Amino acid sequence: MNDIEVVLYGASGYTGEHVMWKLAELGIPFIAAGRNAARLKARIEAQPELKGARYEIVEVAHDEEALTELLRGRKVVHNLVGPYMQFGEPVVRAALAAGCHYLDATGEQDWKIHLRDTYGKAFADKGLVLSPATSSMWVSGLLAAESVLEKPGVDSVDILYTLHGVPSAASTLSFMRMCCQPQLRLVHNVLTPWPAGAHFPVSVPGMHQVLTALPWSGGGESLFYENDDRVINCSTMVTFINQGLMAMLVPKMQEFAEKYAHLSAEEQEAATNAWAMEIAPQGDMPREDYSQHRVLFTCHGRGTLVARSTATWGVTGYVMTGLIGVTIIDTLLKDRQRAVGFQPATTVTGPKIMRAALEDGGVFGQMTAIIP
């Protein structure tokens with residue numbers, strides 16, 4: 001175990017399954033760590049892709065001291081234990097203390113802001129990467145935005161995720177709290193909250209019906225573009241083909257604003273956790289189906305006198321998340337990172353490398369310029 005440089009913390013979850021699978025494909029050894037060694041062992045043994053892979057299973061307490069000891073001498077930790085505002089702090093502090101690059105798969109905007117403001121400089125000063133949202137959300141939106149920013153004069157990006165799938169139990173806990181917290185977009189270089197409970201009808205390329213979309217925490221793109229000289233406006237929305245999920249979320253967001261927004265953080269978290277467990281899938285989820293779990297990432301770019309819009313068709317958000325995680329891990333192991341500190345995965349690897357990895361992995365397909 002002493003020579004293994006990659007730690008997956010929370011590897012027994014659904015996202016962890018996909019990251020382990022893609023690490024094994026690249027022949028990268030890893031430590032599968034978590035609070036329950038038996039569950040880790042069962043998850044790994046159930047994955048045919050991991051037969052012959054090199055890994056170690058480590059049971060570790062969820063506290064800074066134990067995690068620091070685990071990470072000492074390692075190069076990168078990918079934290080897959082969410083919701084991150086509830087469970088992430090000890091892992092980040094341990095990574096910093098151990099001198100280890102930190103990744104996670106968060107969608108939580110308030111967590112990313114906390115990481116940036118509290119730990120961004122400290123990681124940069126040590127030459128370490130601090131890269132939350134190393135996942136389909138929000139990397140896919142960043143790649144869509146980069147495809148329109150290629151056109152000179154474009155300075156504003158309007159991103160939409162159209163997803164088809166079932167969020168895992170851990171993802172459901174995260175997204176329920178995400179949708180009830182303040183959700184920020186970039187408006188004339190200022191992070192500005194969407195109205196509480198905001199939701200909008202959207203027209204999706206390739207579909208006749210109009211869908212309901214939400215700001216979905218505000219996304220990660222607005223934060224990552226906040227200090228980018230190319231961008232003055234950035235907004236992100238998310239819709240699911242399963243409109244029943246949207247119909248359930250909107251009244252919960254409105255109820256939260258009316259009844260819970262003034263309460264303590266602990267009371268707010270308890271409320272959203274309870275709501276999430278009412279709808280979260282139980283037991284192990286099956287693998288995504290490439291013919292069913294089809295996704296689409298669109299971005300409208302605008303400048304003063306120019307515009308460009310693109311649509312990228314893809315599949316399987318969780319497989320995509322595994323590929324994104326492995327792509328940045330491979331970059332860090334080879335010391336090829338293009339930036340340190342608080343950075344999106346696309347900046348660490350470069351957008352072209354990340355897009356190529358997703359295309360080669362069979363999860364990113366046709367990109368169409370709706371407005372060239």
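**Figure 1. Helix α3 crosses helix α5 at roughly 45° in this predicted model.** The two helices span residues 64-71 (α3) and residues 89-98 (α5). Their axes come within 8 Å. Because of that angle, α3 counts as oblique to α5. The crossing of α3 past α5 is right-handed. From α3, the residues in contact are Glu64, Leu67, Thr68 and Leu71. They meet Pro90, Val91, Arg93, Ala94, Ala95, Ala97 and Ala98 of α5. Sorted by class, this contact holds eight nonpolar residues, one polar residue and two charged residues.

**Figure 2. Helix α5 runs alongside helix α6, with axes that cross at roughly 15°.** Two packed helices are described by the angle between their axes and the distance between the axes. Here the axes come within 11 Å, and α6 covers residues 109-125. On the α5 side, Glu89, Val92, Arg93, Ala95 and Leu96 take part. On the α6 side, their partners are Trp111, His114, Leu115, Tyr119, Ala122 and Phe123. The contact of α5 with α6 has eight nonpolar, one polar and two charged residues.

**Figure 3. Helix α5 is largely enclosed by the rest of the structure.** The buried residues in α5 are Pro90, Val91, Val92, Ala94, Ala95, Leu96 and Ala98. Just after α5 comes Gly99, which has a positive phi of about 70°.

**Figure 4. Val92 is a buried residue of α5.** Its relative accessibility is 0%. Buried means under 20%, so Val92 qualifies. Which residues does Val92 contact, leaving aside its neighbours within four places in sequence? They are Tyr102, Trp111, Leu115, Tyr119, Phe123 and Leu130. Cys180 gives another reference point for this view. Val92 and Cys180 lie 88 residues apart in sequence. In space, they are 24 Å apart, C-alpha to C-alpha.

**Figure 5. Helix α7 is a run of 14 residues, 136-149.** From the first C-alpha of α7 to the last, the reach is 20 Å. That is close to the 20 Å expected at 1.5 Å a residue. Is α7 largely enclosed or largely open? In α7, 14 of the 14 residues are buried, so this helix is largely enclosed by the rest of the structure.

Definitions and conventions. Residues numbered from 1 in each chain as written. Predicted model: local features only at pLDDT ≥ 70, side-chain atom pairs only at ≥ 80, totals over all residues. Heavy atoms only, no water. Axes fitted to C-alpha atoms, helices over the stretch in contact; angles between N-to-C directions. Helix = DSSP H or I, 4+ residues; strand = E, 2+ residues; numbered from the N terminus. Parallel < 35°, antiparallel > 145°, perpendicular 65-115°, else oblique. Left-handed = near helix turned anticlockwise from the far one by under 90°. Contact = heavy atoms within 4.5 Å. Nonpolar A, V, L, I, M, F, W, Y, C, P; charged D, E, K, R; others polar. Expected span 1.5 Å × (residues − 1). Buried < 20%, exposed > 50% of the residue type's maximum accessible area, 1.4 Å probe, protein only.
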